[in-house]
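Hello,

Here is the structure you will be working with. Please open it first, then read the notes below.

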Amino acid sequence: MRIQGFTKTLLVMKLTGIILIATMLQVSASGTAQTVTYAAQATPLTKVFAAIEQQTGYVFFYNSRDLQGITPVTVELKATPLRDALQNVLAGQPLAFDIQGNTIVITRIEKEMSQEKDTIRAFRGHVHDSLGHPLAGASVTIKGTRKGTNTNARGEFAFKNLPDDAVLIISYTGYSNKEIRPDPNFIMYIVLQRSEEVLDATVIQAYGTTSRRFNVGSIATVDAETIAKQPVTNVLLALQGQAPGLAINATSGVPGSRVQLQIRGQNTLLSNPGFAQFRPYDQPLFIIDGVPFAPQNKNISQLSSLASSSFSGDINQAGGISPFNNINPGDIESISILKDADATSIYGTQGSNGVILITTKKGKPGKTNFNLAVNTGFNTSTRTIKLMNTPQYLQMRKDAFAADGVTPSNDPFDFFAYAPDLLVFDQNKYTDWQKVIFGKTSNNTDVHASLSGGTLNNTFLISTGYTRSDFNYPGNFADQRFTLHAAIHHTSADNHLTVDFGTDYGYEQNNSSAFGGARNVLLPPNTPDLRDPAGNLLWNYKGADLSGYQFYGYLKQSAILQNYNLNNTLRITYKILPGLSIGANLGYSRNTTSEHGTNPAAAQNPSYPYVTADFNTNAFQTINVEPQIDYVTNIGKGVLSALVGGTYKKNTNNSNTTTGTGYANDNFLGSINGASSISSYDNLDIYKYSAGFGRLKYVYDQKYIVSLTGRRDGSSYFGPGHQFGNFGSVGLGWIFSEEKAFQSAIRFISFAKLSGNYGTTGSDGIASYKYQDFWQPVNNAAPVQGIHPNSPVNLYNPDYSWALKKSLNLALDLGFFHDRLLVNATFYRGRESSQLAGYPLAAQAGFPGVLENINSTVQNQGWEFSLTSNNIKTKSITWTTNFNISINRNKLISFPNLESSSYNSFYVVGKPTSVVLGYKFKGLNPATGLFEYYTGDGHVTTNPRSGIATAGGDYVPIADREVQFMGGFGNTLTYKHFSLYAFFQFSKQTAPNWLSTVYSSYIPVLRARNLPVAAANYWKQPGDQTPLQKLTSSYFSDTYTSAGNFGSSSGAFSDDTYMRLKTLSISYTLPDAMLRKLHIQDGRIYVNAQNLLTFTNYKVADPETFNDFAAFPLQRTVAFGLSFNF
Amino acid sequence: MKIIFFKNYKIMAALLLMAGLTSACKQLIEVPANPPTQIAGSQQFSDSATIMTAVAGIYSYTSPGLGFTYNDANLTLCTGLSSDEIASTNAGNAADQEFYTYSLTALNTNIIPLWEHPYTGIYPVNAILTGITGNKAIPDAFRTQLTGELKVVRAFYYFNLVNLFGGVPVVTSTDYKTSSRLPRTSVDSVYGRIITDLTDAQKALTANYPSSGRIRPNLYTALALLAKVQLYRQNWQAAYDAAGVVINSGMYSLETDLNNVFVDGSNEAIWQIPATGNYSVTQEALKFVPYSGSIPGYLLTTALMNAFEANDQRFQKWVGNTTVDNGSGNQTYYFPYKYKDLTPSGATEDYMILRLGELYLIRAEAAAHLGNLTVALADLDLIRSRAGLTASTAVTVDEVMTAVIHERQTELFTEWGNRWYDLKRTGTAGTVLSAEKSGWQPRDTLYPLPRAQLQINNLLQQNPGYN
């Protein structure tokens, strides 16, 4: 037997292997009593079952193998209650039954056990889950005593001596406790039900599952139900405010645009700061169904489109199109956010920024179920800015000229007085560009259908979805998505082999306009007509060139993106021996984007158009192989689980860009063939990664938990000699509520756990081949005398290696009043050293930077609190509350020789890495009308010196961009058929304010550009105390100088605290009577709204996408929907 | 319970074996030595043909940091605005207007490429010079030729840097650890390096251009640049001699038709770079030639318009005009028009870096300073006659010198910063420009260094008068 098992092992190892799958079975309880009327003479059991199924609507689950050799039955039942009927039918058979919702599970009682006879006080039992899988390591204790045992790998347990009145409590992670009265005459077959308690619900962790009860790492989970209530097309947006420690930023309101995530603060330093470079924003590792998502959270688009807006203060908000558009939120079962070393060190060099595990939906055994959800809604801008009308705008312009004593002129030779908007344009014309550009109410449609079901051993799920989001923008622009998801599960008849296959296919088309149009809300309100009545674009108005105004030109430049996403996963597990399984996880993820951008002649000034078309592709691919061995056994009163595995991963990213120019006719722009000249270049990136890892977890007496993880990693990102590293963690947990002394002392606390862990993770988040001095052909370059030019692309530095993060996590979990109120408090500290970053070099070195490990340490330390409460739970009313808040403090704790490094003006030891150095703002001098600043030695000036004090400048730390605290709270109220969910999200930080945009990007009046009405509050005469200083129309005035310094001063930063009614969901479940008439199992009508209300002290722009008030605004969505199960 | 473990020792062994196989295996993470799009430095310098791809990169005018790095017409624009050549009609373009109005700040976005791109261009020059030194894979003659021509290139970069910013860090190696922390040096030492490079080049180069066209410098390119540098250094004799060698070489002649001066194959060209951008048109043409019916983005200043004498053919052929109804009647506007061709993918013009016309003016100026008025006037009148003008009426040394500077203004306008450099080197910038526009301050002869650079390398000192 053992030998045979081993041979099988090898066989399976070759094929790949296995994983122990804890299949979840959640069945809703059905309240109606059922009776059976049936008579049969020596009828096969299967026929009897079929008859009962037909009468009751219940479904039988069994392995046909278990029914082999069962003698036909003879029964007569008359309106017999189901339970009694089953007892009758199975009387004398070696079979046991258990009713799970509307499912009847039939299992065979092990022969050898049923035949054994024991002494009176001895008792044997067998603990299984509802699918018949034995539960190894379940705890069996004698009620009222500390005596007990654990089940073995077959789920069996035995007592030699039991008191006559003994009651046994059987408990197992993730399952509800069961109390039984042992009957020594039978070998009892005990089925544990999946627990619906929050504490015991399954939590997906790295390479397996755990529960909140026994987990010693920091994992937050967002479930399908929470996601379903949010009318978002990008699932990442549904996480906002839901998990402590997880920050989410939408980069834009453009449908399909990227969403940025960060777990527990920024660990790495700025790379290559140049003029337009912003501070980086660490992204976690994304894994979908065990396979690293090929594009991760990168921008998949190479074209300029409305989504490529890219800044927000000085934190990098690199926009673009999100790869997650192609993951249908309706196909997601849960999302786990792994935050600390215990949870992430098993990911080795990739885990230091945290890990997001996305698990898709799987089929559930039972009647075949068809679900259809349809919703349609509309989008509007969350916060539109109120812009000046024509008289206000013209007044501002005139005042600006007057402030410098200049008379506006229509003569271009009069360079500074030349103001066509005041003298050439119609002074009475008014266009509300805000309304023209963002005033539309756009539509959203989402359809999602799924078919699922199956038998105990074979389940399936197929779902498909279509989503369309129109742009809140003129023109026919939309983001459309079609997805197909399927999952099948098979368990062999002997329960030894399990196979899970999942596949996701997504097609997205994002049809957008070229970049640049959105900012045109600031066009002068008296801009002349930009189109003639026939719709042709106009390029000048009385000589004034309108090229800089031609908004409609952008609308004719298309940027069409098509994205194809395929994720396939295969998990095979083979159980060699009870408790020991071997398996493998195979994954393939490919994300391909093809883009087409055009700049037709029709969009351009006809004088000399450059007609171009771009054809780009960008393909990300991951192949992932992870053999694994799982072992579970009992040791003493505890359960030991061990996991050993390996990873092989290969990522490739191939992109190419082809540009055709010189098209004779716009109609040819769809093809490269019509181009008279073609230029093309490509880029290829390869990454290989391999690792061996292990996890050992021991839970003793359901009280003490030890968890060890380790990993040895190799990454091709590093040069020879620097490729391998070791990472590991130790976690400890103590469920002290299990201690007798505690239980008797504090009764209202039902659960109490203290846990902690410490460990290391790394980061290799860079591109390949950065350690060599490479040269490459210059993109798009024409040959010089027949030779294609080469240029250097990288500096030689073979010595860098991964960054190392050491993290500590301490948590206290408390459950009150029978776990109706669960509270978690977590303290964490992560210190990342040897940050891997492009060390900035002065331009004179020839390169903006070189990749290095930077000798510094960044600390992120903070607190996270979360609370889950079942406030009311009665038959007709339930009320639950969720709350979380996180407080992160980022600090640069060491940086030797910072003063002489390239970072001297960017960082300060002891301050957060988002510190901003600049001038201390004094305010407006009401006498002169100018902004004033403090110099380093406390004097007041309109023109301070740049640079830090040691460089003779007046820079001091003026702000930091850290989020001071953030979180969310939600309430779910159900009353009979109605359900209401309201979720608020909040955040507090210091952010660049709208004045910073005014003075940095749209310096008043120097440009013929409109401004928010609030900007009309400028200084006019001595004594005025206004937010804006004196206007100017000239570049050599003091006014211009002091205005230019404002953006680098503390005046440009303001408090940005907001609370947003992120989600409001109201639903009505159709009453049973109606459903029966309609032949529907279950139906729901709902209204979901996102970003409905915002409460903030932040002025003018949106508090979430602060700073640039002219950017594409975030969207408020209201969706009406129907959901039916057939 | 240990028993369970030991019972399964075979499985455990298999398990450990598997873990061992997947982890410590170097083969699993092996990737090709270089991506298909790139080659390592050692491969780049493995043979002459591959080295030539890097050399081609030096003369390509495509990406920022390549070619002569002023591929956005930025040098022409900034210096044209700072001097008295052009003005922008876009009052809202702060980056441009700060140059025109002498209100430059260290945050000006046009300053950044003026400072950064030359260094991006110098790096590959230094890398090739390092890569060919002692390289046994290539013939000596090839090495000598490359050394010579690349030193001309490097000298040209530093010549512009020193004229725009004053003393700058002089980088001659690829060691980024050292070069990124270099402080500024004096103007004299930058010129010292330029003259050394050009003298070395003079020894290494021959009269023949190493390839077709006049892209890769020959001996006369080195001498022409040396003549210009010596003129700027007021080494009149050296300038006179060097210019004389070029003029007397017989390789170059003035184009009689002014419309042919800037086209590919111009006989006047001493150094010409192909316009090899996406559209193969020059950036100057793109910037200056207006859309029909629109007022040009940049207009010739009244000062420059008035500098043209009556019947100056250069005003006819190198200055464009467009007549537009500006709302109060038809008005004619004038714009630089040396580069005209906007035919996508088929333009016939090349960027002219050095041409014979300038060499005559260099020799004329040097000769005047040396008291040789005959040569000075002869050279000057050659240029004037080509422009359709009569012989100069200047008589005294001062008059001749003034006449030459004036001729440089009308001959070399909007070309490589000549006017701006001339005003500065003759010490007349303050008087000429403050008479022309308001706002002039003594600090304005030098541009500020980009603020970000001062922050990254705190050993760099800002030019006086800038924050």
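This is a predicted model: local features need pLDDT of at least 70, side-chain atom pairs count only at pLDDT 80 or more; totals for chains, interfaces and linings use all residues.

Aromatic pairs first. Over all chains, there are 81 of them. One is formed by Phe49(A) and Phe60(A). This pair is stacked, with 4.1 Å centre to centre and 15° between the planes. Phe49(A) sits in helix H2 (residues 45-56) of chain A, and Phe60(A) in strand E2 (residues 59-61) of chain A, so the pair ties together parts that are 11 residues apart in sequence. Both Phe49(A) and Phe60(A) are buried.

Phe157(A) and Phe159(A) make an edge-to-face pair. Their centres are 6.0 Å apart, and the planes stand at 75°. Phe157(A) counts as buried because its relative accessibility is 3%. Phe159(A) is buried too, at 11%.

Chain B has a cluster of rings linked by pairs. Its members are Phe99(B), Tyr102(B), Trp115(B), Tyr119(B), Tyr158(B), Phe165(B), Trp420(B), Trp440(B) and Tyr447(B).

Now the charges. Arg264(A) places its charged end over the ring of Tyr828(A), 4.0 Å from the centre. In chain B, Lys338(B) lies over the face of Phe413(B), 4.2 Å from the ring centre.

Last, Ala402(A). This residue belongs to helix H7 (residues 390-403) of chain A. Ala402(A) has 51% relative accessibility, so it counts as exposed. From Ala402(A) to Asp713(A) is 311 residues in sequence and 68 Å in space, C-alpha to C-alpha.

Best wishes

How values were computed: Residues are numbered from 1 along each chain as its sequence is written. Chains are lettered from A and ligands numbered from 1 in the order in which they are written. Side-chain values use heavy atoms; hydrogens and water are left out. Helices (H or I, at least four residues) and strands (E, at least two) are DSSP runs, numbered from the N terminus. Buried means under 20% relative accessible area, exposed over 50%, partly exposed in between (1.4 Å probe, protein chains only). Rings of Phe, Tyr and Trp (its six-membered ring) pair if their centres lie within 6.5 Å; planes under 30 degrees apart count as stacked, over 60 as edge-to-face and the rest as tilted. A charge sits over a ring if NZ of Lys or CZ of Arg is within 6 Å of the ring centre and within 35 degrees of the ring normal.
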